[in-house]
Amino acid sequence: MVRLMVLWCPTLSREGSRGEEPRRFAEVLDAAVELAPFARPVRLGVLAIPSKGPSRFFGGEAVFAEHLQGVVGPLLGGAGRVCVGAAEGLFAAVLAARAAVLVAPGATGSFLAPWSIATLRDPDLAAACQRLGLHTLGRFAGLEEARVLERFGLDAVRRHRVARGVDGELPGLRDYAALRRLDAVRHRDEPSEVQRGFFGERGGADVRAAAAVQRLEQRLGHGAVTVARLGGGRTPDDRAALVPWGSADAAIEGRDHVAPWPGRLPSPSPASIPSRPLAVALLDEHGHRVTVGSTGLLSSVPDRLEFEAGRPRVVAAHCGPWPMAERWWGVSRRRAHLQVLCDDGLAVLLRAERSRWWLSGIYD
Amino acid sequence: MFVSRPELPASTVALATAIRPTAPASSRLLPVVEPLSSLLPDGALRRGGTVVVTGSPGWGATSLGLALLTAASTAGHWCAAVGLDDPGVVAMAELGVDLRRVVFVPRPRGAWAAATAELFEGVDVVLARPPARVAHTAARRLLARARDRAAVLVVLAEHRDDWPVPSEITLEVTEAAWHANGRLVSRRAVVRAVGRGITGRPRYVSLWLPGAEGAIAVAC
């Protein structure tokens, strides 16, 4: 489990009648992000930071915690109190912040043991356990998992794992409604600026298009509407990506698609790229499978191309193969591409990978 | 086979065309690239109209449909592709489509007509590939919606009669032949334009679809 540092501002945990807490907590969050870029809100008044990186940078967890308190404290004014705690897993870290202790690494289990069973946020489970004499997390964690499943059901097993310190994500710990409000306060909910018009301005047409897309997303679900982005790569399917409308990934455009890619497949590119892998069979005139040898040459002259469905096609000509050995230093990927022209005018791009032929594109 | 083609504006002229002001929405016509203009009655796509693009599989109907988006998208009009779950994004870039102006609805889950109608509200050109033969009433409704919103519907149909109502313009790829020289270089395609919008005899144009660098050009 990841060791987390949690910062808790008790005065900002509940929204008051004037409703200024989300805005002030957003300021706290921005200040924390300045110190540690991976600071993320958990709920109103609570934010979590993976503590490993910042601790090493600032020279120890205690120093970082002090630093964090020093930066956030002045933002809250006189009445505000800042509590910082650290432990393994989100649940333990939130309790550590409540107690304002930095739990020693590996001591999370013994830290959790004396806390009340009510901290698991399940009144029914708490009442049942109290009647059984299991008042603390430690006593509850001492039960066997199979007995918990038998007696209390699957949901209690998740809480049991949290009590044992095996899992940190207690259901209900993260308040997603509050997080969305925080995003709105911090103006993080707008579509990314790649979709903006010329010089960052949005014309009337852009606003209308965005509204139509949003209505369509409500109808079909998030991710149904996508935009295309070009990236670097050698093959058409490596170079292009469809990303959901408005996602942060939409910003990959222009990064390295202008860089030279030696061995890039020549244009024109196929107008149709199958969205899922489609195996095909490439046979020679004797009906044997055509393969690409270790020297990068075809084993024989292709004669027939068979798709999973439909009649086999006669191969009129082929160009290639172009072998490609990429990322030999890491996740190695070896493949070879072959352009095949059938006698009915269909031209396809095939890929030999893992000793099979796959359809990579149709020149439609 | 070392191909490097930095997509930066080649000259100040290209830069000037790229940053010129977008066309006013009130304009009645949407531009198409020069090689296609002789196929269309006004030399451009007429708002509120429909174009059906068809041809044998693998003969270039998809490329032709995507090429119709090229000039409109670079002029700042929004385009959409509905029901194309396999768009060749790199091929679109090579044709010259401005990908920043194109949204995709790859899998509309049986609601392609509803999705298309919704997109007419904010998008100028919708390229749609219906999953099967379109019902007569659905087609009529879409036509009315497109006319009402002054948008253009481009239908990619596998067969000519997949689109049940007489279209204004039907572009059909009637011949296609690849030229290869160590690799596939270009495809010469003959496109026939027929329909209510075309008076007199059908028009024929011979095109490089796509040409050597992936762009579309007139073949002589």
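## A strand pairing across chains

Two strands pair if DSSP finds at least two bridges between them. Thr226(A) has Phe104(B) as its bridge partner in strand 5 of chain B. Helices (H or I, at least four residues) and strands (E, at least two) are DSSP runs, numbered from the N terminus.

This is a predicted model, in which local features need pLDDT of at least 70 and side-chain atom pairs count only at pLDDT 80 or more, while totals for chains, interfaces and linings use all residues. Residues are numbered from 1 along each chain as its sequence is written, and chains are lettered from A and ligands numbered from 1 in the order in which they are written.

## The interface

Chain B puts 52 residues in contact with 49 residues of chain A. Contact requires C-beta atoms, placed from the backbone, to lie within 7 Å. On the chain B side, at least two residues each come from helix 3 (61-67), helix 5 (89-95), strand 5 (102-105), helix 6 and strand 8 (169-180). Helix 5 of chain B gives the largest share, five residues.

By type, the side of chain B that touches chain A divides into 32 nonpolar, 11 polar and nine charged residues. Here Ala, Val, Leu, Ile, Met, Phe, Trp, Tyr, Cys and Pro count as nonpolar, Asp, Glu, Lys and Arg as charged, and the others, Gly among them, as polar.

## Helix 11 of chain A on helix 6 of chain B

Two packed helices are described by the angle between their axes and the distance between the axes. For helix 11 (residues 204-220) of chain A and helix 6 (residues 112-119) of chain B, the axes come within 9 Å and cross at roughly 155°. Axes are lines fitted to C-alpha atoms, for helices over the stretch in contact, and angles run from 0 to 180 degrees between N-to-C directions. The two helices are therefore roughly antiparallel to each other. Angles under 35 degrees count as roughly parallel, over 145 as roughly antiparallel, 65 to 115 as roughly perpendicular and the rest as oblique.

Helix 11 of chain A passes helix 6 of chain B in a right-handed crossing. A crossing is right-handed if the near helix is turned clockwise from the far one by less than a right angle, and left-handed if anticlockwise. Helix 11 of chain A contributes Ala212(A), Arg215(A), Leu216(A), Arg219(A) and Leu220(A) to the contact, and helix 6 of chain B contributes Ala115(B), Glu118(B) and Leu119(B). Five of these residues are nonpolar, none polar and three charged.

## Burial of helix 6

Helix 6 of chain B is mostly covered, with seven of its eight residues buried. A residue is buried if 20 or more other C-beta atoms lie within 10 Å of its own, exposed if 12 or fewer, and partly exposed in between; C-beta atoms are placed from the backbone. The buried set is Trp112(B), Ala113(B), Ala115(B), Thr116(B), Ala117(B), Glu118(B) and Leu119(B). These residues pack against helix 11 of chain A, together with strand 4 (79-82), strand 5, strand 6 (125-128) and helix 7 (136-149) of chain B.

Chain A holds 12 helices and 12 strands. Four of its strands form an open antiparallel sheet in the order 2-3-1-4. Strand 2 (40-43) and strand 4 (83-88) are the edges, each pairing on one side only. Neighbouring strands are turned by 30° against each other on average, direction ignored. Strand 1 (residues 3-8) and strand 4 of chain A pair antiparallel over six bridges. In strand 4 of chain A, Val84(A) is the bridge partner of Leu7(A). Helix 4 (residues 90-99) of chain A lies across strand 1, strand 2, strand 3 (46-50) and strand 4 of chain A, at about 150° to strand 4.

Six strands of chain A make a closed barrel, 7-8-9-10-11-12, with antiparallel pairing. In this sheet, neighbouring strands are turned by 45° on average, direction ignored. Strand 8 (residues 302-306) and strand 9 (residues 313-326) of chain A pair antiparallel over two bridges. Leu305(A) has Arg313(A) as its bridge partner in strand 9 of chain A.

## Chain A: helices 8 and 9

Helix 8 (residues 145-152) and helix 9 (residues 154-164) of chain A pack at about 145°, their axes 7 Å apart. The crossing is right-handed. Glu145(A), Val148(A), Leu149(A) and Phe152(A) of helix 8 meet Leu154(A), Ala156(A), Val157(A) and His160(A) of helix 9. Six of these residues are nonpolar, one polar and one charged.

## Chain totals

Buried residues make up 37% of the 364 residues in chain A. Chain B has seven helices and 11 strands, and 47% of its 220 residues are buried.

Key:
Contact = placed C-beta atoms within 7 Å.
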